[in-house]
Amino acid sequence: MKLVRLSSAILFYVARALALGYLAILAYLLASVALRLPSFQLLDKKRFVIYYPFTQTRFLLGSQYTAAYLTEMVLVLGVYGAFFWLLGQVFHTFKQPKLFTQAGIGRLRAFCLFNLVVPGLMLGLMQLLATGEDFPLGLVFMFHTVIGVFAFFIMSIFQQGVHLQNEQDLII
Amino acid sequence: MPIVVNVDVMLAKRKMQSKELAERLGITPANLSILKTGKAKGVRFDTLEALCKILDCQPGDLLEYVPE
């Protein structure tokens with residue numbers, strides 16, 4: 001369990017960093033577009049670019065400056081920001097000294113539901129937006145479904161663990 | 001449950017308080033209370049051994065079978 005705790009602690013910080021990275025990019029994108037910051041520039045053929053802050057180095061390139069395209073960008077960044085945040089929560093559960101807790105089950109449930117519900121909704125919305133971007137929708141959906149099912153199994157093991165632990169607490 | 005725990009009776013006979021017994025057993029007063037009130041699912045042999053040693057009695061003095 002020591003190795004599990006150590007690797008979970010490392011993965012927790014990696015997942016948190018990724019989540020914060022996605023959410024920071026999302027906030028930067030929204031601020032650049034909504035406030036027309038100097039970091040935002042329209043290019044020819046309705047393309048647009050967002051530069052790294054205070055530089056002229058290209059950071060994000062958009063092939064269409066349309067509401068549908070921007071919605072799709074916001075959607076992907078937001079969903080993956082939330083995904084890595086919840087993944088971090090799962091790793092947080094595995095680094096606790098007491099593994100089987102109601103809080104742990106709650107974190108696993110949130111991660112499981114997120115993976116089973118949100119990607120489907122996101123992909124459905126992306127199909128509706130039809131921006132023409134090349135995105136492996138089927139693969140993404142399958143990947144999240146598999147993760148969601150595994151999270152569901154782990155959640156069931158945790159529920160059993162909490163039950164056994166409660167029983168064990170009554171053996172004096 | 002048809003198994004009755006008579007720790008209270010032995011405590012009274014030995015004129016010992018629950019708090020002292022819990023301390024000497026190395027368990028929390030809450031866990032001793034679970035044992036005394038019959039809410040416990042089981043008793044470990046080492047707990048039973050310590051109880052017998054501290055209360056100077058036999059396991060049969062602490063546990064009793066009463067048909068339901």
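Q: Which helix supplies the largest share of the nonpolar patch in chain A?
A: A patch like this is read by asking which elements its residues come from. In this predicted model, helix 4 of chain A gives the largest share, five residues. Helix 3 (102-129) and helix 4 (137-169) of chain A each supply at least two residues.

Q: What residues make up the nonpolar surface patch, and what is its area?
A: The patch covers about 830 Å² and is made by Leu113(A), Leu116(A), Val117(A), Leu121(A), Val146(A), Val149(A), Phe150(A), Phe152(A) and Phe153(A). Let's take one of them, Phe153(A), as the example. Phe153(A) sits in helix 4 of chain A.

Q: Is Phe153(A) buried, partly exposed or exposed?
A: The idea is to compare the relative accessible area with two cut-offs: under 20% is buried, over 50% is exposed, and what lies in between is partly exposed. Phe153(A) has a relative accessible area of 47%, so this residue is partly exposed.

Q: How much area do chain B and chain A bury between them?
A: For an interface, look at the area together with its make-up. Here the two chains bury about 740 Å², with 60% of it on carbon and sulfur atoms. Eleven residues from chain B and six residues from chain A take part in the contact.

Q: How many salt bridges are counted between chain B and chain A?
A: The count is one salt bridge. The side chains of Lys41(B) and Glu167(A) form this pair, at 3.4 Å from N to O. On the side of chain B that touches chain A, the largest share, three residues, comes from helix 3 (residues 29-36) of chain B. As for polar contacts between the two chains, six residue pairs are counted, both residues at pLDDT 80 or more.

Q: Which residues of helix 4 of chain B are buried?
A: Start with the buried side of a helix, then ask what packs against it. In helix 4 (residues 45-55) of chain B, the buried residues are Thr47(B), Leu48(B), Leu51(B), Cys52(B), Ile54(B) and Leu55(B). They pack against helix 1, helix 2 (18-25), helix 3, helix 5 (59-62) and strand 2 (63-65) of chain B. Just after helix 4 of chain B, Asp56(B) takes a positive phi of about 50°.

Q: What does Pro59(B) touch, leaving out residues up to four places away in sequence?
A: Pro59(B), which is in helix 5 of chain B, touches Leu48(B) and Cys52(B). With a relative accessible area of 36%, Pro59(B) is partly exposed.

Q: Where is Asn6(B) found?
A: Asn6(B) belongs to the loop between strand 1 (3-5) and helix 1 (7-13) of chain B. A loop position can be checked for accessibility too. The relative accessibility of Asn6(B) is 15%, so Asn6(B) counts as buried. Beyond its neighbours within four places in sequence, Asn6(B) is in contact with Asp61(B), Leu62(B) and Glu64(B).

Q: Where does Lys45(A) lie, and is Lys45(A) buried or exposed?
A: Read the backbone angle, the place and the accessibility together. Lys45(A) has a phi near 55°, a positive value in a residue other than glycine. Its place is the loop between strand 1 (40-42) and strand 2 (48-51) of chain A, and its relative accessible area of 74% makes Lys45(A) exposed.

Q: What is the phi of Phe54(A)?
A: Phi of Phe54(A) is near 60°, a positive value in a residue other than glycine. Phe54(A) lies in the loop between strand 2 and strand 3 (58-62) of chain A. Its relative accessible area is 88%, so Phe54(A) is exposed.

Note on methods: Residues are numbered from 1 along each chain as its sequence is written. Chains are lettered from A and ligands numbered from 1 in the order in which they are written. This is a predicted model: local features need pLDDT of at least 70, side-chain atom pairs count only at pLDDT 80 or more; totals for chains, interfaces and linings use all residues. Side-chain values use heavy atoms; hydrogens and water are left out. Patches are made of residues with over 30% relative accessible area and no salt bridge: like charges are joined within 9 Å, nonpolar side chains (Val, Leu, Ile, Met, Phe, Trp, Tyr) within 5 Å. Accessible areas come from the Shrake-Rupley method with a 1.4 Å probe; for residues, only the protein chains shown count as cover. A salt bridge is a side-chain nitrogen of Lys or Arg within 4 Å of a carboxyl oxygen of Asp or Glu. Helices (H or I, at least four residues) and strands (E, at least two) are DSSP runs, numbered from the N terminus. Buried means under 20% relative accessible area, exposed over 50%, partly exposed in between (1.4 Å probe, protein chains only). Contact means heavy atoms within 4.5 Å. Buried area is the accessible area (1.4 Å probe) that two parts lose on being put together, summed over both. A polar contact is a pair of N or O atoms within 3.5 Å; within protein, one must be able to donate a hydrogen and the other to accept it, and residues adjacent in sequence count only if both atoms are side-chain atoms.
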